[in-house]
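Let's take a walk through a protein together, one stop at a time. Keep the structure open beside you and find each residue as it comes up.

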Amino acid sequence: MSAGFHARAAANIAFLKYWGAIDLDRVVPANASLSMTLSVCASTCWIGSPGGNEDEILRHDGVSFVAAEGSFRSRIAAHLDRLRSRFGVDRPLRVLTRNAFPAAAGLASSASGFCALSAAAAAALGHPAEGAALSELARRSGSGSAARSAFGGFVRWPAGDVDPEGAAPDDSELPAAPVTPANHWDLADVIAIVDDGPKTVSSLDGHRRAVTSPHFRARLEAMPDRMRRAVDAVRARELDALGPLIEADAIELHAVAMTSSPPIHYWRPATVAVLERVRALRETGVPAWATMDAGPNVHVIAPHDRSGAIAQALAGVDGVQRVIEDRVGGPPVVREGSPAGWPA
Ligand code: DP6
């Protein structure tokens with residue numbers, strides 16, 4: 001049995017978000033997106049050889065590794081098949097995957113999970129991949145945001161700005177690319193958890209329904225200009241310029257979701273209470289800006305040295321269950337062998 005390879009990849013928080021696709025099977029987004037790779041919220045995946053001829057897929061349940069089941073297992077199995085056929089290697093694999101997300105974070109883990117899985121599998125199948133090559137493999141998992149976790153720091157995933165009824169660009173145009181590395185700007189993501197349950201409607205369904213919203217096209221049209229301004233603000237480290245773009249984009253995504261058919265309401269009352277708290281913080285001079293993914297939890301982007309005070313303020317909002325302090329982080333790391341203490 002080989003020692004295999006393990007990879008650790010972090011989640012990312014989108015400043016300008018992927019919402020709606022030109023081609024969901026090929027994961028071609030309708031708009032470009034921009035994100036910050038995190039450091040605490042991450043996944044680790046080890047891939048080696050199983051005892052028999054079948055794939056073995058285990059996930060960590062917080063106590064120990066258990067057999068993965070249901071759609072979680074089938075999405076991983078489908079991605080292994082995709083990677084084997086891509087590399088022309090036909091052999092069974094043993095997969096152990098674990099999220100380092102703080103318990104009950106209520107956060108999506110597919111971006112970090114599929115990026116770590118892609119990096120570990122590529123190495124285990126003899127085709128190690130990083131950067132653009134890893135981004136392309138991770139994107140193919142179906143979790144488009146995983147394409148951005150292939151890099152650290154601030155990352156742009158292009159392929160957008162294309163008419164959703166027009167032709168999809170070539171795959172070669174699709175990998176995400178770094179805008180600036182993590183050490184460029186020490187930003188925090190202070191996450192107010194208002195609901196730690198699973199998503200009510202998956203992002204996949206959200207992408208599908210987005211085109212039915214009368215506001216979808218308006219958001220797409222605003223995106224190229226918003227992207228240019230956001231990238232400039234990241235390069236110049238200007239949070240006062242970036243913040244309003246982040247908040248506007250998240251609120252527009254949710255406006256699209258709420259006006260899709262059938263509508264999707266991700267927000268909870270506490271989501272609004274946190275948004276109001278963030279605005280009140282700004283009025284007292286704290287540079288903090290909010291964003292929400294396909295769920296009710298609020299991510300607050302701020303300079304890292306303000307993280308502790310912001311976390312304390314958010315913890316006091318009615319309905320906030322807990323607060324996680326994360327910050328900008330580096331690219332995935334791949335190593336031979338299994339992580340210390342794993343039953344590989
Ligand atoms: C709202 O299709 O990447 O987070 O597979 O659940 O991670 P998952 O979703 P994906 O869509 C991401 C939607 C988003 C915005 C974003 O991260 O760009």
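Start at Ala273, which sits in helix α7, residues 269–283. Helices here are DSSP runs of H or I with at least four residues, strands are runs of E with at least two, and both are numbered from the N terminus. Ala273 counts as partly exposed because its relative accessibility is 27%. Buried means under 20% relative accessible area, exposed means over 50%, and partly exposed is in between, using a 1.4 Å probe and the protein chains only. Now look for Asp318: Ala273 and Asp318 are 45 residues apart in sequence, and their C-alpha atoms are 7.4 Å apart in space.

A quick word on what you're looking at: this is a predicted model, where local features need pLDDT of at least 70 and side-chain atom pairs count only at pLDDT 80 or more, while totals for chains, interfaces and linings use all residues. Residues are numbered from 1 along each chain as its sequence is written, and side-chain values use heavy atoms, with hydrogens and water left out.

Next, go to the loop between α6 (239–258) and α7, where you'll find Pro262. Ser261 and Pro262 are joined by a cis peptide bond, with omega at about -10 degrees. Why point that out? Most peptide bonds are trans, and most residues other than glycine have a negative phi. Ile264 is in the loop between α6 and α7 too, and it counts as buried because its relative accessibility is 1%. Its C-alpha atom is 9.3 Å from that of Ala294, a residue 30 positions away along the chain.

Speaking of phi, here are two residues to check. Val27 has a phi near 55 degrees, a positive value in a residue that isn't glycine. You'll find Val27 in the loop between β2 (21–23) and β3 (28–29), and at 1% relative accessibility it counts as buried. Arg237 also isn't a glycine, yet its phi is positive at about 55 degrees. Arg237 belongs to the loop between α5 and α6, and with 47% relative accessibility it counts as partly exposed.

That brings us to α5 itself. How far should the 21 residues of helix α5 span at 1.5 Å a residue? The expected span is 1.5 Å times one less than the number of residues. For α5 (residues 216–236) that comes to 30 Å, and its end C-alpha atoms are 30 Å apart, so the two agree. The helix does bend, though: the angle is about 40 degrees at Met223, and a proline, Pro224, follows within four residues. That bend is the angle between axes fitted to the seven residues ending there and the seven starting there. The buried residues of α5 include Phe216, Leu220, Met223 and Val234.

His184 is buried, since its relative accessible area is 17%. Its side chain reaches the backbone oxygen of Val234 at 2.7 Å, and a polar atom of that side chain lies 3.2 Å from the backbone oxygen of Arg235. These are polar contacts: pairs of N or O atoms within 3.5 Å, where, within protein, one must be able to donate a hydrogen and the other to accept it, and residues adjacent in sequence count only if both atoms are side-chain atoms.

Arg84 counts as buried at 9% relative accessibility, and a polar atom of its side chain lies 3.0 Å from the backbone oxygen of Arg91. Helix α2 (residues 110–124) is largely enclosed by the rest of the structure, because 14 of its 15 residues are buried. After α2 comes Gly126, with a positive phi near 85 degrees.

Our last stop is the ligand. Which residues come nearest to it? Of the 14 residues around the ligand, they are Tyr18, Ser143, Ser145, Arg148 and His207; a residue is near if one of its heavy atoms lies within 4 Å. Oxygen atoms of the ligand are 3.0 Å from an N or O atom in the side chain of Ser143 and 2.6 Å from one in the side chain of Ser145. Lys199 has a polar side-chain atom 3.1 Å from a ligand oxygen. The protein covers 93% of the 450 Å² of accessible area that the ligand has on its own, with areas from the Shrake-Rupley method using a 1.4 Å probe; for residues, only the protein chains shown count as cover.
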